[in-house]
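Work through the exercises below with the model open beside you. Try each task before you read its solution.

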2 protein chains.
Amino acid sequence: MSELHGQAVRLAASAKESAPALARAEGGLKNAALSAAADRLISNTKSILNANAKDLKAGKKVGLSDAMLDRLKLDKSRIEKMVQGLRQVAALPDPIGGVIDGWKQPNGLRLHRTRVPLGVVLIIFESRPNVTIDAAALCIKSGNAAILRGGKEAVHTNKALGRVLASALEEVGLPDEAVQVVESTDRALVPELLSLSNYIDVVVPRGGKGLIQAVMEHSRIPVIKHLDGICHVYIDSAADLDMARSIAINAKVQRPGVCNAMETLIVHKSVAAKFLPECLKALKKEGVEIRGDAEVVKLAKGVKVKLATEEDWGTEYLDLILSVTVVNDIDHAIRHINAYGSHHTDAIITRDFNAATRFKREVDSSSIMVNASTRFSDGFEYGLGAEIGISTDKLHARGPVGLEGLTTYKWIVEGEGQIRT
Amino acid sequence: MSELHGQAVRLAASAKESAPALARAEGGLKNAALSAAADRLISNTKSILNANAKDLKAGKKVGLSDAMLDRLKLDKSRIEKMVQGLRQVAALPDPIGGVIDGWKQPNGLRLHRTRVPLGVVLIIFESRPNVTIDAAALCIKSGNAAILRGGKEAVHTNKALGRVLASALEEVGLPDEAVQVVESTDRALVPELLSLSNYIDVVVPRGGKGLIQAVMEHSRIPVIKHLDGICHVYIDSAADLDMARSIAINAKVQRPGVCNAMETLIVHKSVAAKFLPECLKALKKEGVEIRGDAEVVKLAKGVKVKLATEEDWGTEYLDLILSVTVVNDIDHAIRHINAYGSHHTDAIITRDFNAATRFKREVDSSSIMVNASTRFSDGFEYGLGAEIGISTDKLHARGPVGLEGLTTYKWIVEGEGQIRT
């Protein structure tokens, strides 16, 4: 057993050992821990900012970009946001202990399924230290022990935040090892942790596609993952064109760098000549580069359109770039979305009941929007109160994942001595 | 691209292509397909038995054991059982299209989650040809396209059953490629199929531990799997001892070779002297070999008990062997179960409310029985109407898995032009 492997096992084993205490903790106790962590974030602001200053200094030295440094940087207002986040999670209903369903069998056995925590959750993330607090809050609330592995640039900050969390748990009588911040910055520790399926129940990578693919490749533990968001807005022949334009612009430009932004606009040919010129002009005005098929180029009327390549239809730009295509009918639109999309979030704009019904049924995506912007695809906007991530998988959790994603269930069967014959 | 890889891709791609038609099929149409398959099983009995005779002849030639040949063998009554199975699945409620939950957001967006099929299901199983029909029925009912890969010993039988299924689908107007029996017996095709996560949504291996571990090792596709069943019955200090004996015997001997049979009996020390001698005698009478700790050996009173080793506590015997231990209290029992068990099914026998409550809460198993035999842990006994398997995972589905395990959900969001600000 290598030294690193031993280190990973000690970490994971102590998390697993502390998990039952957190799993049994009543909602009030878990909320007290979250509240204590919020109070301690405030009272320890100075030492956290000192730790953060060390990370920033080291980051500058190794030449981190300004954008990276900005993501790494904490200040009073960012700490205040973490505090708010903890209090919001505390205010959510306890996801544990509810009854999912239940019934009685003809032989008198009474069955029900009740929600329980998964056990131990490993969260792997990149530079932003607020994820440390956010992820810990979600795990504590859902009764799971957490192993938090942040970016090495943020190691001093995360250590300081880890101390806050540990002392908050201790204060309310929960094991301080129920939330552990990995202090080692050795990259090779991650694959070791990902091999420990006997100790860790689920991995949630939070970050770019590179991180997620690396986790998927090495993990022997189930992963709740979030890959591409190639989202479409389809403007149906029966669309309200003012609504269509407003939603298309919102879906593309309100925040182009995120997974639920629109990457491809699809327009029914019967409204294309009326809709496209004005909409493209408006998009252009917002700084969007347009890549269209031949029909779009023809209809663009003075708006510069680059001819789209086959590759464009399957690209998640995460930028102010938009591919646009004109289709003959809704079948064509649905086929395009199912073939090139990433099954994340797709919208139809229509006043036609049957078109909406077919789109909802036949588009194979985790979220289907009718007459609303794709940008709403988000745990908070869905009213889940918290977001673990947006799952691009079909098993366990699909689409925006709230606290329920960090739970499983147990079958409880009660009888009066029944035996099987 | 190797020839085998190409073959796997063609198979999986045609399944994926046919999946939407099955996903859209209404319950009545799916039931008509199941009913047509049942009718065709009867009308094709002769050709199925001929195909089966070929497999039996080849099996004898390569020296399959009598037990293997018996599992392979079909006759009129076994075909009749398959017919009944199809009709039973047809009679179940449609798992697709139901609404899981839904609400309205403050901005007027209306959300709901609706049940949809997973897409393409790959089922890998061993010699028993009835699994071909059973698995196909579950996939058709849940709106999933199926790829069925049976044992090579049953290849002729499975081909004949595959033709029945394909013609039944065709008869009702569904694509015949929605259920495909893999005709190649090349073992190397399996890892090729298991690499096709772009086409196949879930793998369900049905068979022994060796098969399941091989699938887990090679699969890039999520697996619904069923590993060990190391089940315990704990006789509490407040147990009704007649009930305890009846359940202990049932859990061990009614069908010792299955996953929900008891492997370890745990007895509270305060009732051990009264309970054990008689219970062990009764177990012995049923042919059960007893392996006990020192306390059990002491209390056995004339019943021969082998001293259990550390290994015994973690062994799934699947046989008429039982390990027995005496514990000081319920904490000790729960600790033993969580440490040595497989988190499958564990029972407590007690009249004490607090003991039952603690056991239900603190034992980390997919099924907890109170005053009932572990043998009830089963999809049919739970009233699920069908069983995909018993999942030993915590994500997606846990414990007995019915048709719901072959479904996922879709978020439907409806608005009147809402954009995000």
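The exercises go from the pair of chains to sheets and then to helices.

This is a predicted model, in which local features need pLDDT of at least 70, side-chain atom pairs count only at pLDDT 80 or more, and totals for chains, interfaces and linings use all residues. Residues are numbered from 1 along each chain as its sequence is written, while chains are lettered from A and ligands numbered from 1 in the order in which they are written.

**Exercise 1. Find the rotation that superposes chain A on chain B.**

Step 1. Start from the general idea: two copies of a chain are related by a rotation about an axis and a shift along it.
Step 2. Here the rotation is 180°, the shift along the axis is 0.0 Å, and the RMSD is 0.0 Å. The superposition is by least squares on the C-alpha atoms of residues with pLDDT of at least 70 in both copies.
Step 3. Name the relation: it is that of a two-fold axis.
Step 4. Locate the axis in chain A. The C-alpha nearest to it belongs to His396(A), at 1.8 Å.

**Exercise 2. Describe the side of chain A that touches chain B.**

Step 1. Count the residues. Chain A brings 49 residues to the contact, and chain B brings 49 residues. Two residues are in contact if their C-beta atoms, placed from the backbone, lie within 7 Å.
Step 2. List the elements of chain A that each supply at least two residues: helix 1 (3-24), helix 10 (241-253), helix 15 (353-362), strand 13 (367-372) and strand 16 (407-418). Helices (H or I, at least four residues) and strands (E, at least two) are DSSP runs, numbered from the N terminus.
Step 3. Pick the top contributor. Strand 16 of chain A gives the most, with 11 residues.
Step 4. Sort by class: 21 nonpolar, 16 polar and 12 charged. Ala, Val, Leu, Ile, Met, Phe, Trp, Tyr, Cys and Pro count as nonpolar, Asp, Glu, Lys and Arg as charged, and the others, Gly among them, as polar.
Step 5. Check the two copies. 100% of the interface residues of chain A are also interface residues in chain B, so the copies meet through the same surface.

**Exercise 3. Compare how helix 2 of chain B packs on helix 7 and on helix 5 of chain B.**

Step 1. Take helix 2 (residues 27-43) and helix 7 (residues 155-171) of chain B. They pack at about 135°, with axes 8 Å apart. Axes are lines fitted to C-alpha atoms, for helices over the stretch in contact, and angles run from 0 to 180 degrees between N-to-C directions.
Step 2. Classify: helix 2 of chain B is oblique to helix 7 of chain B. Angles under 35 degrees count as roughly parallel, over 145 as roughly antiparallel, 65 to 115 as roughly perpendicular and the rest as oblique.
Step 3. Sort this contact by class: 8 nonpolar, 1 polar and 2 charged residues.
Step 4. Now take helix 5 (residues 76-91) of chain B. Its axis and that of helix 2 of chain B come within 9 Å and cross at roughly 170°.
Step 5. Helix 2 and helix 5 of chain B are therefore roughly antiparallel to each other.
Step 6. This contact divides into 11 nonpolar, 2 polar and 1 charged.
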